[in-house]
Amino acid sequence: MKLFSSVLNQIKQVTNEFVKRRVEQWLSKRVPGNFQHTLSSRNIFIMPTRFGFAYLIFIVLLFLLGTNYQNNIILLFCYLLASLFITVMLHSFYNFSQLIFSSSAKQFTFAKQRAYFPIIVKSDKNHFDLNFQFPEQKSLSTKVNLEHCPIGESQVLLPLYGERRGVYKVGRVKVFSEYSLGLFVTWAMLDFSHQVVVFPQPKKL
């Protein structure tokens, strides 16, 4: 049983690494590394959240109920919910589009401490509920939330925990939002070519 579980874990690990590598290759072509990114239909991704999928299933069940009993009121309510679903999807996209992000590439820190990457957000309209995170550091609670992004420039300091000394490529920054109503999650995977130099921990005197 342990042997089977070990083989299964190895297969799972190899599969995850293969999928991750292929996704990164695809992202490198679609969203190449740059110190500045402008969000558009090319680099914005959107899909329903769990609540959004439950909402969609409810609409389908409501449609089946209305057609089965030939009830126009239920069908009208179903169409109203479906139109709201599409409207929220467009609203979620426009809350993300035309944002401009820029960031400096290199930061320095000591081992077991955090480096902070400044990300400048430029906007020509109001945006809401923007979240920033390094996907590789989800377990370290490094997510930063910008509840309101006003017209002009805003700055976000995105933390990165330096575990061991050395020079590391940080990878992509995930920018995401569930605005509005939480039916959809909209995100972008931006590559600023971030690099962190981690120095040895200073000795206590």
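By buried we mean under 20% relative accessible area, by exposed over 50%, and by partly exposed anything in between, with a 1.4 Å probe and protein chains only. The structure before you is a predicted model, in which local features need pLDDT of at least 70, side-chain atom pairs count only at pLDDT 80 or more, and totals for chains, interfaces and linings use all residues. Residues are numbered from 1 along each chain as its sequence is written, and side-chain values use heavy atoms, with hydrogens and water left out.

Let me begin with the whole chain. The protein chain contains three helices and twelve strands, taken as DSSP runs numbered from the N terminus: H or I of at least four residues for helices, E of at least two for strands. Its radius of gyration, over C-alpha atoms, is 22 Å, well over the 17 Å given for 205 residues by the globule rule (2.2 Å times the number of residues to the power 0.38), so the chain is more spread out than a compact globule. The C-alpha trace spans about 80 × 60 × 35 Å along its principal axes. Of the 205 residues, 36% count as buried.

I turn now to one strand. Which residues of strand S4 form its covered face? In S4, residues 106–110, they are Gln107 and Thr109, while Lys106, Phe108 and Phe110 make up the uncovered face. S4 runs parallel to strand S12, residues 195–199, and five bridges join the two; strands pair if DSSP finds at least two bridges between them. Phe110, on the uncovered face of S4, has Phe199 of S12 as its bridge partner.
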